[in-house]
Amino acid sequence: MNQFVQNQISRLGVLAQTGWLSRQPLDFQARISRLGHWREAKAGEILYLAGDDADWMVGLAEGAVEITFPLVGDEPVVIHRAEPGFWTGEASVLADQRRLISIAAATRARVFVLSAPGIRRMLEEEPRHWKPFFELSLTSSLTAVTLLAEALSLSPRARVARILLRLAQADGSVTCSKEDLGRLLGMTRSSARRALTSLTEMGAVQSGYGILSIRDRGKLERLTGEAWPGADACQLGS
């Protein structure tokens, strides 16, 4: 890799080390680096709303973002909290359609922004670059299907264990309240509280004010496949 390309890729920081972009060819990473610019977002700041024009896509390098969907009466439902390495917005940009989901910064965040005209121009000049975007859309679809499967088949305790493992920092801390967990998982406060109480009593998690800490990662990992008690009964035709 020549120095010019290396300098361009280094500009991407963590986005060149984790997530979708890190798995792409180096020349593609360098092209993306030339197209985009960095932006800081405050906690609670909306990056875009469902129904907006698709002017750009974004990669998350620091902090966390929440994805919401206007399910009933335009009331937003949280469907996912994403961590660094996450990219979104490509489907609406490539299809030239209005946004279907909303994205907001859950914490202070740093994002890398790619404009829709720049992406389309790149693809016109280099059609081979369509493949990475197809891969990103496939990854996004897989995430959505996985979240749905978890909600339908796993116990509340297993779902809480999974999200704690996914959101945990290197030191095991999770900056998320009990109320936030229930909202992110689409669970009632009482269900989320019972699941957390169970995990705390078994020594897997420690709860504090506005923060949770993983005390025993192994115990959480062993619970991630625990089935919802009624899942086996929910068969078609039963």
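Which residues is Thr 88 in contact with, leaving aside its neighbours within four places in sequence?

1. The model is predicted. Thr 88 lies in strand E6. Its contacts, with neighbours within four places in sequence left aside, are Tyr 48, Met 57, Val 58, Ile 101 and Ile 103.

2. Is Thr 88 buried or exposed? Thr 88 has a relative accessible area of 8%. The cut-off for buried is under 20%, so Thr 88 counts as buried. The side chain also has a polar partner: a polar contact of 3.4 Å joins Thr 88 to the side chain of Tyr 48.

3. Now the sheet that holds E6. This open sheet has 4 strands, in the order E1-E8-E3-E6. The pairing is antiparallel. Strand E1 (37–41) and strand E6 (87–88) are at the edges. Each has a single partner strand, so one side of each has no neighbour in the sheet.

4. Inside that order, strand E3 (residues 56–62) pairs with strand E8 (residues 109–115). The sense is antiparallel, over 6 bridges.

5. Helix H2 (residues 26–35) lies across E1, E6 and E8. H2 runs at about 95 degrees to E8.

6. Next, the nonpolar cores. The largest has 24 residues. Val 160, Leu 164, Leu 181 and Leu 220 touch the most other members. Several elements each supply at least two residues of this core: helix H6 (156–167), helix H7 (178–185), helix H8 (189–201), strand E11 (211–214) and helix H9 (217–223). H6 gives the most, with 6 residues. A second, separate core has 23 residues, including Ala 16, Ala 30, Val 93 and Phe 133.

7. What does Leu 164 touch, not counting residues up to four places away in sequence? The list is Val 174, Leu 181, Leu 196, Leu 199, Val 205, Leu 212, Ile 214 and Leu 220. Of these, Leu 181 and Leu 220 are also among the residues that touch the most other core members.

8. Another open sheet has 3 strands, in the order E9-E11-E10, with antiparallel pairing. Its edge strands are strand E9 (173–174) and strand E10 (205–208), each pairing on one side only. E9 and E11 pair over 2 bridges, in the antiparallel sense. In that pairing, Ser 173 stands opposite Ser 213 in E11.

Conventions
Residues are numbered from 1 along each chain as its sequence is written. This is a predicted model: local features need pLDDT of at least 70, side-chain atom pairs count only at pLDDT 80 or more; totals for chains, interfaces and linings use all residues. Side-chain values use heavy atoms; hydrogens and water are left out. Two strands pair if DSSP finds at least two bridges between them. Contact means heavy atoms within 4.5 Å. Axes are lines fitted to C-alpha atoms, for helices over the stretch in contact, and angles run from 0 to 180 degrees between N-to-C directions. Buried means under 20% relative accessible area, exposed over 50%, partly exposed in between (1.4 Å probe, protein chains only). A polar contact is a pair of N or O atoms within 3.5 Å; within protein, one must be able to donate a hydrogen and the other to accept it, and residues adjacent in sequence count only if both atoms are side-chain atoms. A nonpolar core is a set of buried Ala, Val, Leu, Ile, Met, Phe, Trp, Tyr and Cys residues joined through side-chain atoms within 4.5 Å.
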